[in-house]
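Please keep the model open while you read.

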Amino acid sequence: MAASCVAASELLNNIKQISVLCPKASYAVRAVSTSSPQCHAQLPQRARSAPQQLVGVVGLEIHAQINSSTKLFSGAPVRFSAPPNSLVSFFDASLPGTLPVLNKRCVEAAVMTGLALNCAINRKSLFDRKHYFYADLPAGYQITQQRLPIAVDGVLTYSLLGGKKRNQVMRKNVTIKQIQLEQDSGKSLHDDVRSQTLIDLNRAGVGLMELVMEPDMSCGEEAAAAVRELQLILQALGTCQGNMSEGQLRVDANVSVHRPGEPLGVRTEVKNINSIRYLARAIDYEIQRQIDVLQRGGTVQNETRAYDSKSGETLPMRDKEGLQDYRFMPEPNLPPLILYEDNASLPTGIDACQVVVVQKIKEGLPELPSVKRDRLVQTYGILPEHSFTLVNEDGLVDYFEAVLKATKKEPRKVIGWVTNELLGHLKQQDMSVCQSPISPSALAELLELQETGHISSSVAKQVFQEMWRSPGKTALQITQEQDLGLVSDTAQLHSICQKVVDSHPDEVHAIRSGNKKVLNKLMGLVQKETKGRADPVLVRAILQKKTS
Amino acid sequence: MSVFSLAASRTFRGVSLKIPRMLFSLLPNDGYSITNLHSKIIIWPQSHSANTTRLLSSQPLNQKIPKVATWEPVPEDQLPPPAHIPADLVDKLERLALVDFRTKQGLACLEEAIRFADQLHVVDTTGVEPMDSVLEDRVLYLREDAVMEGDCAEKLLQLSKSTVEEYFVAPPGNIPLPKREERTAMLKNSEF
């Protein structure tokens, strides 16, 4: 088994990754700037267009892989990487004579997700077959729930940081049309060299929750925020690990443009998006492309396009022969799925482990991200946008709470350090919170030093940088080594201030005649003298006395 | 000649006869003919078959079965207009379902089948939920989330004609169905 793994990985190294197979589109593609257009700001005016501008309309189709031990309809295990075709049961390979057997955990996961998104859970849901031919779908059909899915009519509330300084929290809603259970298909690796496709059925039959959203969004930023919120919700519930790069959360965007008030334009579907950042870029590119096409007088075609992350463009995919007709038909091997409201409505004599009771699941729901954010604001008195940033980053809430435990400083003062200093440094080096070189206790110590007056705030920032560069050194050590302690000796400060005042008579004159802002310049000079170690409050008081 | 059991004639009700081998040679004609049998030979049945009484479908023992046919063909005016299948729909069905309506006879057969099914329109189904399958009132069994299957890669790979390092090999994309003219040329020499 090990030998074949090595051989397989060697083979994979020789095979190109799943890539877009068709040549670049024939029309000239205009280079698009990387900064996404602010969708709540106005789009730039075009010279010859109609008075109303074209706006984008985005609807998402999200497939979330259910976090369960076995597949949806068979008892084969679910794992991310394993030797090819080793996690396949006879049903997944669709050998004749095999039948689907529904996994209870997948049903519970779908009900949990439906309840978290405020959906109406259908007490009775039906399974259907969706037929299409492709090598990674051995049966020729996929068992899904199209007529009567397990949950309908939900709302996903997400928040965007907007406004001029990106610190206003704007709440938006996306309507969720339905949530349904369906099977995943296998994985196909394209080998262009030998003109063949290699099929691995490990993923075939894994349970997916398909979330169909209404086209309520208008740009890439909104879509990215919505998907991030959904990711957080699913991770909090434990129903999906939400890792887009591992394929646990797959997002397809349906993009079209129209003028507000007019009927929706022709939509294209964008696939092959592997991260939230690429999602925003792909959607913005596609909206811009469609606007360009329409303004040149062309028409947008209803097609499927793949996103190429290297070039930042969407390119038409081959292998889509016109509009597919899936010939939906009821799944004859599965009776309807019945869910019970509460224990009182259970029919007598039924086995307890054969039923899914919605009330029980509702009571067992963990804390959702939105509730967590409100709780943080209530408990610690921090601003909503800070709590938004805290919850958005994995592990940052725990870090923040650990720092608070170790220091007596007020949460509102600590939050600035965590969200600006720490997070800024982490983002610069693309690290996650768990990789931070500064532990919560070390940061707490630094803040204590600042609080007790040993160092000034500007020096504290310097010490932070030093701690980042040399992990293991405590704040105290660095302060002592570089002699950055605050100078509070009044005699010394007096003499330095006197020196500065004497050497700048013009500024003193300006202050005396009313321009108080020049005092800051004098303060800056004093700080330069003391290498930033002077206590600013004392210095200001002394200078004011001297120049009054 | 093999021993065979006779279906009873009208005079011997519900009794099966076994004619021993040796008596066949005495029959003037072919042993399968039983026209004169009952008058010439009286064979008593073996003891084990005396206890079974086989009901004849022609005897009115089962009241549920009417004596004469009771269905009537539905008059044409009650049926919706006959469905005509355009050529592009035929092509689309052939491509989607991979069935072959090669000849005009095949198409005529399909239209007749649709016509036959049209008779269902006569039935009034207002307020009745459509039925998916006869099992729809059964309880759907929910399986516990425990690993039971898998790890049979060798067995599955043996089923495939071509495999590469534990992967199944497939052509690079869907092979489109050949056009009708090419298809007839391809199938001309095959046995279908």
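Over all chains, the count comes to 22 salt bridges. A salt bridge here is a side-chain nitrogen of Lys or Arg within 4 Å of a carboxyl oxygen of Asp or Glu. This is a predicted model: local features need pLDDT of at least 70, side-chain atom pairs count only at pLDDT 80 or more, and totals for chains, interfaces and linings use all residues. Residues are numbered from 1 along each chain as its sequence is written, chains are lettered from A in the order in which they are written, and side-chain values use heavy atoms, with hydrogens and water left out.

**Salt bridges within chain A**

- R147(A) pairs with D128(A), with the closest N and O atoms 2.7 Å apart.
- R147(A) lies in the loop between strand 6 (141-144) and strand 7 (151-162) of chain A and D128(A) in strand 5 (residues 128-131), so the pair ties together parts 19 residues apart in sequence. Helices (H or I, at least four residues) and strands (E, at least two) are DSSP runs, numbered from the N terminus.
- D128(A) is buried at 1% relative accessibility, while R147(A) is partly exposed at 37%. Buried means under 20% relative accessible area, exposed over 50%, and partly exposed in between (1.4 Å probe, protein chains only).
- E393(A) forms a salt bridge with K427(A), at 3.1 Å between the closest N and O atoms. This pair links distant parts of the chain, 34 residues apart: E393(A) is in the loop between helix 7 (384-392) and helix 8 (396-406), K427(A) in helix 9 (residues 411-428).
- E466(A) and R469(A) meet in a salt bridge of 3.2 Å, N to O. Both lie in helix 11 (residues 457-469) of chain A, 3 residues apart, about one turn of the helix.
- E466(A) is buried at 18%, whereas R469(A) is exposed at 58%.
- A network of salt bridges links E286(A), R289(A), E303(A) and R305(A).

**Chain A against chain B**

- In contact (heavy atoms within 4.5 Å) are 61 residues of chain A and 40 residues of chain B.
- The two chains bury about 4,300 Å² between them, 58% of it on carbon and sulfur atoms. Buried area is the accessible area (1.4 Å probe) that two parts lose on being put together, summed over both.
- Between chain A and chain B there are 2 salt bridges. D325(A) and K92(B) meet in a salt bridge of 3.4 Å, N to O.
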